[in-house]
Amino acid sequence: MTTEEKIKSFILENFLFTDDESAIGNEESLLDRGVIDSTGVMEVILFLEEEFGVQVQDDEIIPENLDSISNIKRFVESKVGA
Amino acid sequence: MQAYTRKLMNRPQWLLREGMLASASRYPDKIALVIEGQPYRYGELQDAAMRLAGRLREEGVRPGDRVAIYMDNTWPCIVSIYAVLLAGGVFFVVNPQTKMEKLRYVLEDSGARALLTDWHLAGNFIPAVEGLDALRFLVVSGEPRESVETGNRLVLAFATVLAESDPLSEPVNVVPTDLAALIYTSGSTGDPKGVMQTHQSMVFAAWSLIEYLRLSASDRILLVLPLAFDYGLYQLLMAMKLGATLIVERSFTFPARIYERMRQEEVTVFPAVPTIFSMLVSGHRKQALTFPSVRRVTNTAAALPEALLADLKEIFPNALIYKMYGLTECKRVSYLEPELIDEKPDSVGKAIPGTEVFLLKENGELAGPGEEGILHVRGPHVMLGYWRKPELSEKMLKPGRLPGERVLCTHDLFRMDEEGFLYFVSRTDDIIKTRGEKVSPVEVENTIMQMEAVKEVAVIGVADETLGSALHAFVVPESETGSLDKRVRKHCAERLENFMVPQKVHVVTQLPRSANGKIDKKRIIEEEWWHDEI
């Protein structure tokens with residue numbers, strides 16, 4: 001699985017409780033769609049830290065990094081690449 | 001100053017909208033709101049609200065009509081609240097996390113004449129409004145940019161309405177004893193109930209809070225709580241009445257963004273709930289945080305854990321910390337003077353200014369110092385009742401000492417010490433507090449019971465450091481159990497707000513019962529029933 005697929009299947013399974021890939025688009029705002037909230041974002045971060053071995057700093061918890069599947073993918077890739 | 005504002009200045013009792021109108025005439029160019037970084041002046045707010053109000057009136061909104069506002073914490077949401085008030089209507093804000101079925105329920109229950117909402121919620125509101133005859137039109141922000149007619153219902157574009165509508169010539173006349181808002185809240189019976197609040201009670205409550213929080217026009221108040229929650233709504237009402245500035249964010253989902261905004265905007269008032277304080281403190285323990293501009297920190301919705309206090313004093317070195325207690329049915333009951341926070345660590349203080357509380361024992365007598373009793377509340381902040389639910393209203397509002405007087409019975413058990421300080425003992429209903437929100441286990445159970453695969457269910461609160469209580473559902477399957485836990489969570493996530501979706505679903509063979517045959521929730525906890533999972 002690619003990074004993006006892993007992230008998407010985590011979101012689908014844990015927040016939308018489905019494996020239907022059309023349930024959310026990669027560019028859709030997770031906040032707008034009501035998919036994540038303040039405790040949900042912490043679950044996403046735990047997942048990223050465990051799955052990709054990255055460390056997420058508090059000041060990185062911003063929508064540009066975490067508000068859509070594509071944003072999360074870009075964020076993870078920048079962390080892994082660094 | 002507008003003639004209609006000049007007239008109200010000498011009046012002893014204001015309507016809820018008049019705090020904003022007075023501030024707009026006193027400080028038309030002052031920044032009233034900073035919404036996700038975008039500033040709006042008092043003059044702009046008044047102008048936008050008068051235009052939308054003009055259109056609401058034109059489309060048939062009349063005094064006393066209910067208007068639903070289903071939006072995030074945004075500029076259109078705040079304009080809508082004041083527009084409904086200016087048109088003489090009764091507003092209610094629906095949490096944008098609300099799903100289709102519950103949205104439909106509150107629209108139907110309230111008999112709302114109009115729905116003001118945002119296009120990104122279309123997936124929920126389009127099916128929800130189908131066949132609701134009382135609902136005459138929608139105003140939608142975001143897309144579509146042009147007003148359209150669908151079915152035989154008008155859908156107006158928010159931006160077009162603001163650009164093209166004529167403002168009201170003056171606010172539509174209502175009186176202080178008219179309804180200003182309904183505030184929907186979960187009840188132990190399952191269905192949400194609309195708490196009826198009059199202009200008089202809301203203006204009074206806002207004044208009382210401003211008084212004890214010692215707020216002024218120079219304050220910069222942070223709003224991260226939803227406007228559908230009375231605690232969030234009153235931050236707006238207080239700020240607008242004071243002529244202060246409200247710093248509005250959609251939620252606390254991205255804390256780093258909020259911290260940055262708090263520093264930029266030099267926030268002076270930080271209202272939050274224990275889950276937010278707990279996230280703040282865990283961040284602080286990793287990397288020190290400090291907000292020296294903050295002068296007031298307020299907590300309500302659930303008790304502030306003692307373990308967080310020392311860290312909060314470091315994070316907010318210049319702030320007074322307020323512990324408070326309340327329920328939507330009277331907005332707020334009590335607060336502890338912040339200077340006493342170390343001296344009375346377990347107390348939620350005394351009645352808010354202008355109100356009175358007393359404890360009644362089971363036999364109806366007043367409880368003495370140290371004795372337990374049910375907390376009762378007197379004052380102008382007490383609700384008029386629940387919208388169209390007279391039996392439930394009777395359960396909460398009891399006859400007072402004076403003819404016609406109604407006293408609020410909170411059904412919460414308290415103790416009072418010799419000096420009159422209040423101590424919470426327990427709830428007498430089975431409402432669960434999670435993330436500062438009230439959850440009715442019956443409502444979650446009813447939702448889960450809609451599933452054919454489920455034979456029985458019990459929802460309980462399990463102590464949790466961050467959430468206060470975590471929701472656990474114990475499910476007995478009808479027959480096959482294949483991934484039932486996941487299906488239960490999905491079913492809930494599609495129908496309930498996020499905070500009502502059980503964190504954990506235990507699939508078990510049976511549930512313990514008491515002598516009268518009811519499911520015994522106490523035993524589920526005491527006997528650690530989760531070990532019985534299939």
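1. In chain A, helix 1 (residues 3-16) packs on helix 4 (residues 69-81) at an angle of about 130 degrees, the two axes being 9 Å apart. Because of that angle, helix 1 of chain A counts as oblique to helix 4 of chain A. The crossing of these two helices is right-handed. The model is predicted, and this applies to every point in this note.

2. The residues behind that packing can be listed by helix. Helix 1 of chain A contributes A:T3, A:E4, A:I7, A:K8 and A:I11, and helix 4 of chain A contributes A:I69, A:I72, A:K73, A:V76 and A:E77. Sorted by class, the contact of helix 1 with helix 4 of chain A holds five nonpolar residues, four charged residues and one polar residue.

3. On the overall form of chain A: the secondary structure consists of four helices and zero strands, and the order along the sequence is α-α-α-α. The C-alpha trace of chain A spans about 30 × 25 × 20 Å along its principal axes. A compact globule of 82 residues would have a radius of gyration near 12 Å, and chain A has 12 Å, so the value agrees with that expectation.

4. Chain B has 534 residues, and its secondary structure comes to 16 helices and 28 strands. Along the principal axes, the C-alpha trace of chain B covers about 70 × 60 × 60 Å. The radius of gyration of chain B is 23 Å; a compact globule with that number of residues would be near 24 Å, so chain B agrees with the rule as well.

5. Which residues does each chain bring to the contact between them? The count is 17 residues from chain A and 22 residues from chain B. On the side of chain A that touches chain B, helix 2 (residues 38-52) of chain A gives the most, with three residues. By class, this side of chain A has eight nonpolar, five charged and four polar residues.

6. Within chain B, helix 3 (residues 42-58) and helix 4 (residues 75-86) pack with their axes 8 Å apart and at an angle of about 55 degrees. Helix 3 of chain B is therefore oblique to helix 4 of chain B. The crossing of this pair is right-handed.

7. The contact of that pair draws on B:L45, B:A48, B:A49, B:M50, B:L52, B:A53 and B:L56 from helix 3 of chain B, and on B:V79, B:S80, B:Y82, B:A83, B:V84 and B:L86 from helix 4 of chain B. The residues of the contact of helix 3 with helix 4 of chain B comprise 12 nonpolar and one polar, with no charged residue.

8. A further helix pair in chain B is helix 2 (residues 18-26) with helix 9 (residues 230-242). Their axes come within 7 Å and cross at roughly 35 degrees. Is the crossing of helix 2 and helix 9 of chain B left-handed or right-handed? The crossing of helix 2 and helix 9 of chain B is left-handed. From helix 2 of chain B, residues B:G19, B:M20 and B:S23 meet B:L237, B:M240 and B:K241 of helix 9 of chain B. This contact of helix 2 with helix 9 of chain B divides into three nonpolar, two polar and one charged residue.

9. The domain assignment of chain B lists domain 1 (42-198), domain 2 (346-429) and domain 3 (432-532). The C-alpha centres of domain 1 and domain 2 of chain B are 33 Å apart. In the contact between these two domains, 12 residues of domain 1 of chain B face nine residues of domain 2 of chain B.

10. Where on domain 1 of chain B does the side that touches domain 2 of chain B come from? Helix 5 (100-110) and strand 10 (193-198) of chain B each supply at least two residues of that side. Strand 10 of chain B has the largest share, six residues. The side of domain 1 of chain B that touches domain 2 of chain B holds seven polar, three nonpolar and two charged residues.

How values were computed:
Residues numbered from 1 in each chain as written. Chains lettered and ligands numbered in written order. Predicted model: local features only at pLDDT ≥ 70, side-chain atom pairs only at ≥ 80, totals over all residues. Contact = placed C-beta atoms within 7 Å. Nonpolar A, V, L, I, M, F, W, Y, C, P; charged D, E, K, R; others polar. Axes fitted to C-alpha atoms, helices over the stretch in contact; angles between N-to-C directions. Left-handed = near helix turned anticlockwise from the far one by under 90°. Parallel < 35°, antiparallel > 145°, perpendicular 65-115°, else oblique. Domains from an automatic or database assignment. Rg over C-alpha atoms; globule rule 2.2 N^0.38 Å.
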